[in-house]
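The following paragraphs are intended to be read beside the sequence and the three-dimensional model.

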2 protein chains.
Amino acid sequence: MLSKKTQYGLKALGYLAAQYGKGPVLIADIAAKKNIPVKFLETILLILKQNKILDSKKGKGGGYFLIAAPKNISLAAALRIIEGPIALLPCVSLNFYRKCDDCNEEVCALRKVMAITRDATLKVLEKKSLQDLIEE
Amino acid sequence: MLSKKTQYGLKALGYLAAQYGKGPVLIADIAAKKNIPVKFLETILLILKQNKILDSKKGKGGGYFLIAAPKNISLAAALRIIEGPIALLPCVSLNFYRKCDDCNEEVCALRKVMAITRDATLKVLEKKSLQDLIEE
DNA sequence: ATAATACTCTACTTATTAAGTAGACTAATA
DNA sequence: TATTAGTCTACTTAATAAGTAGAGTATTAT
């Protein structure tokens with residue numbers, strides 16, 4: 001299950017996607033509209049900025065905004081930044097690979113199944129984008 | 001990511017699948033072969049027994065064994081018992097549904113995407129079984 | 001019967017992560 | 001230069017993960 005942090009982050013991104021092209025949006029605005037604790041949201045947006053999904057402006061008229069068009073940012077990319085690995089086991093993660101404690105990766109049956117599962121999940125998440133998080 | 005508990009549980013089930021039909025297997029045996037802390041494994045196997053995946057016999061010649069043939073137990077079923085929900089959000093879980101805090105489920109775009117993701121993941125996990133966890 | 005075997009159950013402990021908060025600091029604008 | 005608004009460091013609290021200890025109960029062999 002996704003952490004609250006990730007859920008908040010994706011909701012915020014959906015809101016910013018809807019406002020794309022309309023200039024910076026206040027943290028407080030997003031927090032209010034999406035029912036997210038302001039201080040918590042600050043840290044989430046900062047992480048997204050450090051990872052080149054968002055940019056920001058300080059001072060009056062400032063706020064956060066998407067660097068790229070919503071349809072060009074996949075949910076997989078967003079998820080990896082906020083939540084971490086998408087795979088169910090570290091040893092089949094494409095972006096956060098870690099070796100298993102002591103199973104032989106060539107042989108491990110669990111690994112094989114989890115790699116297939118990862119592919120199925122990724123096929124959806126790589127295709128879907130922030131565009132798909134925009135509410136009517 | 002799956003918890004250690006779940007990884008241990010699935011490895012143990014894979015081992016029991018390989019021994020299916022050969023009578024009870026000792027906890028200590030499984031633990032030794034699969035490098036799992038014995039006491040931890042005890043609690044995991046007990047949960048699987050309470051959920052009708054395994055049965056056990058006490059005393060000499062005792063141990064744990066699968067109730068049904070490995071190919072008749074899906075990974076989805078095993079995962080749900082040990083790990084819990086397979087979906088990424090409580091509001092799209094088929095077996096562990098919980099309402100989201102304050103988003104409108106009819107409208108929520110995130111929910112829609114996560115339901116599609118769940119379906120893709122389940123399509124694999126429902127089809128794969130303990131048979132697929134048997135090592136050559 | 002009874003000793004040995006092996007699962008069962010209650011009750012911990014310890015470490016890590018999740019979730020959120022407080023407050024000072026820095027940059028941009030009017 | 002005052003106001004606005006994001007940035008950064010450093011907490012706190014609660015929950016969950018991961019594992020342990022030890023007594024109890026059922027079964028089998030002698």
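Helices (H or I, at least four residues) and strands (E, at least two) are DSSP runs, numbered from the N terminus. The structure is a predicted model, in which local features need pLDDT of at least 70, side-chain atom pairs count only at pLDDT 80 or more, and totals for chains, interfaces and linings use all residues. Residues are numbered from 1 along each chain as its sequence is written, while chains are lettered from A and ligands numbered from 1 in the order in which they are written.

Chain A contains five helices and two strands, and their order along the sequence is α-α-α-β-β-α-α. The C-alpha trace of this chain extends over about 60 × 25 × 25 Å along its principal axes. Chain A has 136 residues, of which 36% are buried; a residue is buried if 20 or more other C-beta atoms, placed from the backbone, lie within 10 Å of its own, exposed if 12 or fewer, and partly exposed in between. Two residues are in contact if their C-beta atoms, placed from the backbone, lie within 7 Å. Among the contacts in chain A with a separation of 6 or more, 61% join residues 24 or more positions apart.

Within chain A, the axes of α1(A) and α3(A) come within 10 Å and cross at roughly 70°. Such axes are lines fitted to C-alpha atoms, for helices over the stretch in contact, and angles run from 0 to 180 degrees between N-to-C directions. The two helices, α1(A) and α3(A), are therefore roughly perpendicular, a label for angles of 65 to 115 degrees, whereas angles under 35 count as roughly parallel, over 145 as roughly antiparallel and the rest as oblique. From α1(A), the contact involves Lys5(A), Tyr8(A), Gly9(A) and Ala12(A), and from α3(A) it involves Phe40(A), Leu41(A), Ile44(A), Leu45(A) and Leu48(A). By class, this contact of α1(A) with α3(A) comprises seven nonpolar, one polar and one charged residues. Here Ala, Val, Leu, Ile, Met, Phe, Trp, Tyr, Cys and Pro count as nonpolar, Asp, Glu, Lys and Arg as charged, and the others, Gly among them, as polar.

The contact draws 29 residues from chain A and 29 residues from chain B. On the side of chain A that touches chain B, α5(A) gives the largest share, 10 residues. That side has 18 nonpolar, four polar and seven charged residues.

Leu110(B), in helix α5 (residues 109–127) of chain B, illustrates the pairing. Leu110(B) counts as buried because it has 23 C-beta neighbours inside 10 Å. Leaving aside residues up to four places away in sequence, Leu110(B) touches Leu10(A), Lys11(A), Gly14(A) and Leu133(A).

DNA strand C is surrounded by 25 residues, the closest being Ser3(A), Lys4(A), Pro37(A), Gly59(A) and Gly63(B). Around DNA strand D there are 24 residues, and Gly63(A), Ser3(B), Lys4(B), Pro37(B) and Gly59(B) come nearest. The surface near DNA strand D receives at least two residues from each of α3 and β2 (63–66) of chain A and α1 (4–18) and α3 of chain B. Six nonpolar, eight polar and 10 charged residues make up that surface near DNA strand D.

How values were computed
A residue is near a molecule or strand if its C-beta atom, placed from the backbone, lies within 6 Å of it.
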